[in-house]
Amino acid sequence: MQYIAPIGVGILYALLMSLVREPHRRHLNALMVGGAGAAYLSGGGMGGWEFPFTALLTYVAFRGLESWTWIGVGWLLHTAWDIVHHIKGNPIIPFAHTSSLGCAICDPVIALWCLRGGPSLIDLVRGRRRSGKPQPGPGSREGVSPESPSPAPESPSPAPG
């Protein structure tokens, strides 16, 4: 269960974030990854190295304000930091020995969602339920092959005279 629950937490995180509309969803996730960068500061398990890591994730979070890719990278960096803390025996939650391991399992789930552009999972599920397949998004050119030219706009009919 200690390996499955963190995956569920990552999915639940993406579902809850799906309730937030864009661009606020991206901005909120940038703040979350910035906060995650400082999560280990009070424990000091890596000594002075906690500060450069926090600075790095602060920079990544700043870049994430405009890019889902940077947010995904931030969660992957935090995953690596979780693994280091788990191996060293300095967990993110001091009284939960495997908490850093759980975080290291959860964070890549969130990172994958972010690297896909942080789509609304709720909208994806609704689209599949209605038609059995995902609905095209705004600006989609469904049914138009990449090689075919865009359809010409229809010209208005001349007014009867």
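This is a predicted model: local features need pLDDT of at least 70, side-chain atom pairs count only at pLDDT 80 or more; totals for chains, interfaces and linings use all residues.
**View 1. Helices α3 and α4 pack against each other at about 160°.**
Here we have α3, running over residues 50-64, alongside α4, which takes in residues 68-88. Their axes sit 8 Å apart. Angles over 145 degrees count as roughly antiparallel, so α3 and α4 are roughly antiparallel to each other. As for handedness, the crossing of α3 and α4 is left-handed.

**View 2. A closer look at the residues where α3 meets α4.**
On the α3 side, the contact uses Glu50, Phe53, Leu56, Leu57, Tyr59, Val60, Arg63 and Gly64. Facing them from α4 are Trp70, Ile71, Gly74, Leu77, His78, Trp81 and His85. Sort the residues of this α3 and α4 contact by class and you get nine nonpolar, four polar and two charged.

**View 3. Helices α1 and α5 pack at about 35°.**
Helix α1 covers residues 5-17, and its partner α5 covers residues 99-115. The two axes are 7 Å apart, and the crossing of α1 and α5 is right-handed. From α1, the contact draws on Pro6, Ile7, Val9, Gly10, Ile11, Tyr13, Ala14 and Met17. Helix α5 brings Gly102, Ile105, Cys106, Val109, Ile110 and Trp113.

**View 4. Glu22, Arg25 and Arg26 are joined by salt bridges into one network.**
Side chains of opposite charge can pair when their charged atoms come close. How many salt bridges does the structure hold? There are two salt bridges in the structure. One links Arg25 to Glu22, with 3.8 Å between the closest N and O atoms. In the other, the side chain of Arg26 meets that of Glu22, at 4.0 Å from N to O. Are the residues in this view buried or exposed? Buried means under 20% relative accessible area, so Arg25, at 7%, is buried. Arg26 is buried too, with a relative accessible area of 15%. Glu22, on the other hand, is partly exposed, with a relative accessible area of 35%. Glu22 takes part in a salt bridge with Arg25 and in one with Arg26, and shared partners of this kind make the three residues one network.

Methods
Residues are numbered from 1 along each chain as its sequence is written. Side-chain values use heavy atoms; hydrogens and water are left out. Axes are lines fitted to C-alpha atoms, for helices over the stretch in contact, and angles run from 0 to 180 degrees between N-to-C directions. Helices (H or I, at least four residues) and strands (E, at least two) are DSSP runs, numbered from the N terminus. Angles under 35 degrees count as roughly parallel, over 145 as roughly antiparallel, 65 to 115 as roughly perpendicular and the rest as oblique. A crossing is left-handed if the near helix is turned anticlockwise from the far one by less than a right angle, and right-handed if clockwise. Contact means heavy atoms within 4.5 Å. Ala, Val, Leu, Ile, Met, Phe, Trp, Tyr, Cys and Pro count as nonpolar, Asp, Glu, Lys and Arg as charged, and the others, Gly among them, as polar. Buried means under 20% relative accessible area, exposed over 50%, partly exposed in between (1.4 Å probe, protein chains only).
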